[in-house]
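Colleague: I would like a close look at one part of this model, and then at what lies around it. Please keep it plain.

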Amino acid sequence: MSRLLLLALAGALFLTQPTLAQTASKPVPPAVAANYLKKPNTILLDVRTPAEFAVGHLKGARNIDFRAAGFSFEIAKLDKNKTYLLYCASGNRSGQTTVLMEETGFKKIINIGAFEDLKAEGIKAE
């Protein structure tokens with residue numbers, strides 16, 4: 001009986017622990033993102049669709065569509081030694097991209113969250 005209870009507790013503990021995707025994908029607050037944007041040698045990636053990007057995007061952003069068939073290929077072509085700031089519409093796709101990039105050897109990736117939040121913080125959009 002005690003062995004079964006231990007297994008149940010261990011399972012419950014395992015299920016409540018955040019996964020890498022849940023912790024690494026959380027966006028930084030917009031004010032923190034604004035500071036990162038001021039740093040040299042950073043690349044701003046918008047992982048929304050081209051249609052979303054066309055409606056508006058942060059100044060200087062490069063668009064790589066998270067939903068495109070060649071998304072992983074486009075990410076693989078990036079320089080792993082650069083610093084990347086990622087955003088999307090809600091922070092979800094940029095969070096997933098953060099995890100993907102970490103898993104493939106990128107070291108400096110920051111999920112800066114949602115486009116509208118960043119824009120509301122006063123970060124320049126085009």
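In which loop does N41 lie, and which elements are on either side?

Modeller: This is a predicted model. N41 lies in the loop between α3 (30-37) and β1 (42-46). The phi of N41 is near 60°, a positive value in a residue other than glycine. Most residues other than glycine have a negative phi. N41 has a relative accessible area of 67%, so N41 counts as exposed.

The largest nonpolar core has 13 residues, and L44, L58, Y87, I112 and L118 touch the most other members. Two or more residues of this core come from each of α3, β3 (83-88), β4 (108-114) and α7 (115-120). Leaving out residues up to four places away in sequence, L44 touches L37, L58, K59, G60, A61, R62, L85, Y87 and I112. Another core, of 12 residues, lies apart from the largest one and includes F71, L78, F106 and I109.

Aromatic rings are the next topic. The structure holds three aromatic pairs. In one of them, the ring centres of F66 and F71 are 5.2 Å apart and the planes are at 65°, so the pair is edge-to-face. F71 is buried, at 5% relative accessible area, whereas F66 is partly exposed, at 23%. Y84 and F106 also form an edge-to-face pair, because their planes are at 80°, with centres 5.6 Å apart. Y84 is in strand β3 and F106 in the loop between α6 (92-103) and β4, so this pair ties together parts 22 residues apart in sequence. Both Y84 and F106 are buried. Finally, R48 lies over the face of F115, 4.4 Å from the ring centre.

Methods. Residues numbered from 1 in each chain as written. Predicted model: local features only at pLDDT ≥ 70, side-chain atom pairs only at ≥ 80, totals over all residues. Heavy atoms only, no water. Helix = DSSP H or I, 4+ residues; strand = E, 2+ residues; numbered from the N terminus. Buried < 20%, exposed > 50% of the residue type's maximum accessible area, 1.4 Å probe, protein only. Core = buried A, V, L, I, M, F, W, Y, C linked by side-chain atoms within 4.5 Å. Contact = heavy atoms within 4.5 Å. Phe/Tyr/Trp six-rings, centres within 6.5 Å; stacked < 30°, edge-to-face > 60°. Lys NZ or Arg CZ within 6 Å of the ring centre and 35° of its normal.
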